Amino acid sequence: MTEALWPQLLSSALVGTGRRPCRPLSVPGPLATVLGEAPAELEPPGLLSATAALTVARRAGAMPVRVPVPDPAPQETGEVAPHKASVRLGLLLLDAGSDHRQRRSLLREWLELAQQRNFLAAPRHLSALVDAATADPTLRPAVIAVGGLRLGWLAAQGPGRWAWIEQPGPSVPDIDEWHTGRTAARVRYLESLRANDPAQGAALLAQVWQQERAADLAALIGACAEGLGAEDEVWLERALDDKRVQIREAAVQLLAAIPGSAYLARMADRALACCQVTGSGQLTVTPPAQFDAAMRRDALTQKSPQGWGERAWWLVQVVSAAPLRCWSALDSDPARLLDYQIGDDWAGVLREGWLRATVAQRDEAWALRLCRLPVVRGAHLTELAAILPAGTLAELAGEALRQQTDRIADLLSAAPPPWPPALADVVIAWLDRSAAIDDPGWWHLLNVIERSLHPAAVSAVNEILARCGEGRYREILERLALTLQTRYDMHQEFA
Amino acid sequence: MVRTLSGGSGNVPRMSEPTRWTADQVLAVAPDQSSLASARKLAGSADWSSVGVAQQAPVLWGLCKGSGKSPYQTCVDLTEPAYRCSCPSRKFPCKHALALLLKWSAGAVPVDEPPAWVEEWLESRSARAAKKAEKVAAPRTEAQELAAQKRAQSRHDKVLSGVAELQQWLSDQVRNGIAGLESGGYRHFEPVAARLIDAQAPGLAGAVRRLATIPSSGAGWEERTLAEMSMLHLLAGAADRLDTLPPDLAATVRSRLGHPVTTEQVLAGAAVRDVWQVIGTRDLTEDRLVARRVYLIGRDTGREALVLSFAAPGQVLSADLVVGTCLEADLCFYPGSFSLRALVASRHGAPELMVEPEGSTSVAAALDRLSRALGADPWLMSLPLLIDGVIAPGERWHLVDPSGDALPLEPGVECWRFVAAAGGAVSKIAVEWGPAGLVPLTMFRDGEVLAA
């Protein structure tokens, strides 16, 4: 009954009783005691009184709505992490303001530990874990692993909310996806086809070649990295005649991965043409003088980015795309070229090209030689060090630590945790000797050490701490000891 | 005698050691996240010595090495709880007290005899409390009484003039139409609110300021605005004839207008003794002030209570009532026809851990309770409810009980934490009812206390 009166009151109040007087047709029984006997027209105070009566009646007389009771989650088969480990997770997931990075790395380690031991996270922590992994995709595989059946159930409660949790489509993609799906689905279909029958995949791509947009076509060409072989060279070479740069770039990516491809030979020729050995241990560099159509066809770019001269840019592209093997034409141990005397100002550009080639081709010999060059540092050094086998890297880090250079952190961040005992020993011995060091680079180094050193090293660090005097270095060690202790405890909590 | 406690405290007799808090409860008393982070580190460090918990009194203490020569003396009285630390931090509790609580919660604090400095502190505290109680008990002199009456009368006259202006303003809005309020902004409301402050009706001013936020609150704002305007109109009308109202209702109206009630007046009223279960808490910022609402439900009386505390930004809110504990205490309620707000008048013993609160109901029974409360105080804007049910996500979220009866949550409120933790199983869920819907506060499940 109140439902009929409410709209009349509201519509008058909206435009104003001055313009639309409120003349309620009927006043339900109990309300009449508030409003008096059906008044002909409600003045503003009367309208407000009536509204108040209805408002209270609505609030106090609210009826439950009917909603389906949600389906219960399936019975969990896995085991939840031990109580203390769960409490730790809860603390790590708190959005505590200080030291976000350290907390994130501890969280990552917690997830790894749980995953290795086949433990699940307690359900009460799942929503916070999901939030963390939504913000940081690198956490997702681990969160899915420790989420158990409850995680899949949770994702089903909010359809479309966490697509990354929901199961990927059927394992054998359907041809329908190829015809009607989005680019990602079509790429998936083409990849699976290429995995079984590369020729058929290439044929399918050829059929649609003309009608695809450049971005889609480039992605589909990229999908052909799956099942790539020498027989793909023909159509990839044809793709280089395409006017669209995206297509050519996608094609050279694949051509570079086909050993002995004509493309690689062309790049090798171009690179060697720029360099000439002029006497023992001496190299003369002549960058390309002109940018020609053949270079454009091979997806080199003419316009240099800011900070680069045009010819330097052409040189660095050529050298980084050339196979490192080709340099044996100049020296039987090609990595030795790095030590050559290089004339003019091209030494740095050439080295940059070699560095890029080494990272792309993951060549250990070149990487080791480059890592030893004092000029190589920062992110480049870390990238190169990551190519080296663990033993070599430990040796190299040991050398660097003994020399007390500032490249230590860049090298150490490439060594995957947990560090081998040899490396850990070197680092600890060095911590013991470094009491006098005090520079801003320390915090970066500390971050690397505290997350990669085996937590059992805490006792060794505490021993050093006991001998250490007051001062800034002591603070650094204290922090390191505390983090290692936390990690040590965290490991114990899973035992 | 020093003995180390074993992990499970379930069999320990009641008097031997105060019930240990869970880590979550320790987290709840932290003044801010950075203190918590420091405390977490400190709890695991080797800087502590002579830590202990008393066998008889609920007191924790410890010495923590700081940057100075002598260690900080840290001490926690779990009854209130109250904190003392000799460190220079102005946060309460400081990181040392928090770390001590964390250690204790992890079972790393042995039972021991309190040292002298702890005893001293406890004595000075009880002396202070006695002095305060004396002051409360002292009656006013006749002259003071007369002066107070005079002040009250002149204040009431002022309020009435403000109320008359508010009534006129409300009528004007309805006469001219409220459709334009959406684009008018706060400026349209501010002069009225300011006028009501001058008229010493801060409660009404606050209500007008809340009203000002509704037109910009999205779809359906017209209905909500009109509803709140009508409730203000109702309040203004009641203020006008305060003398004719029953005394309890008059007290409710006075408190809604913003008449101050002193702590002494409240404590002078009858006390309700019960085992009060702390079921939820919520912090809200209003007028640059943070208000903490702590909701209690009496285990035996089933009565709801709200304990409010306030802090300016940067100040630390009182954290003496910990969700998931219950304490036997006398509560004194503010006067009114439906009195929710209360003060803890006196405590009988230390708070105890509560595995599951008692007195949870179905949705239908909760609605029943709500309509009774609204019948007594139609201006009620919040009420704690403790319902057995499940949080159901959806376009609009609901709290649904096993029979399928449901109540909507406030629009925009989600609570995935409860959904994930319950996995569709019925749990005891504490919510705050408001006219716009429910706001989840706490879930009690499998002996765990989860804050929203």
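Colleague: How many salt bridges does the structure hold over all chains?

Modeller: A side-chain nitrogen of Lys or Arg within 4 Å of a carboxyl oxygen of Asp or Glu counts as a salt bridge. In this predicted model, there are 41 of them over all chains.

Colleague: Which parts of chain A does the pair of A:Asp136 and A:Arg104 tie together?

Modeller: The side chains of A:Asp136 and A:Arg104 meet in a salt bridge at 3.6 Å, N to O. A:Asp136 lies in the loop between helix 6 (126-135) and helix 7 (140-157) of chain A, and A:Arg104 in helix 5 (residues 100-116), so the pair ties together parts 32 residues apart in sequence.

Colleague: Is A:Asp136 buried or exposed?

Modeller: Buried means under 20% relative accessible area. A:Asp136 has a relative accessibility of 13% and therefore counts as buried, whereas A:Arg104, at 22%, is partly exposed.

Colleague: Where do A:Glu450 and A:Arg479 lie?

Modeller: A:Glu450 forms a salt bridge with A:Arg479, with the closest N and O atoms 2.7 Å apart. A:Glu450 belongs to helix 23 (residues 441-452) and A:Arg479 to helix 25 (residues 472-493) of chain A, so this pair links distant parts of the chain, 29 residues apart. A:Glu450 counts as buried because its relative accessibility is 3%; A:Arg479 is partly exposed at 22%.

Colleague: Which residue does B:Glu165 meet in a salt bridge?

Modeller: The partner is B:Arg195, at 2.7 Å, N to O. The pair links helix 5 (residues 142-176) and helix 7 (residues 190-198) of chain B, its members being 30 residues apart. B:Glu165 is partly exposed, with a relative accessible area of 39%, and B:Arg195 is also partly exposed, at 27%.

Colleague: Which residues are linked in a network of salt bridges?

Modeller: In chain A, such a network links A:Glu237, A:Asp241, A:Arg266, A:Arg270, A:Arg297 and A:Asp298.

Colleague: What should the 17 residues of helix 3 of chain A span?

Modeller: The expected span is 1.5 Å times one less than the number of residues. For helix 3 (residues 44-60) of chain A this gives 24 Å, and the end C-alpha atoms are 24 Å apart, which agrees. The buried residues of this helix include A:Leu47, A:Leu48, A:Ala52, A:Val56 and A:Arg59.

Colleague: Which residues form a negative surface patch?

Modeller: Asp and Glu count as negative. Here the patch is formed by B:Glu113, B:Glu119, B:Glu120 and B:Glu123. B:Glu119 is placed in helix 4 (residues 116-137) of chain B, and its relative accessibility of 33% makes it partly exposed.

Key
Residues are numbered from 1 along each chain as its sequence is written. Chains are lettered from A and ligands numbered from 1 in the order in which they are written. This is a predicted model: local features need pLDDT of at least 70, side-chain atom pairs count only at pLDDT 80 or more; totals for chains, interfaces and linings use all residues. Side-chain values use heavy atoms; hydrogens and water are left out. Patches are made of residues with over 30% relative accessible area and no salt bridge: like charges are joined within 9 Å, nonpolar side chains (Val, Leu, Ile, Met, Phe, Trp, Tyr) within 5 Å. Accessible areas come from the Shrake-Rupley method with a 1.4 Å probe; for residues, only the protein chains shown count as cover. The place of a charge is taken as NZ of Lys, CZ of Arg, CG of Asp or CD of Glu. Helices (H or I, at least four residues) and strands (E, at least two) are DSSP runs, numbered from the N terminus. Buried means under 20% relative accessible area, exposed over 50%, partly exposed in between (1.4 Å probe, protein chains only).
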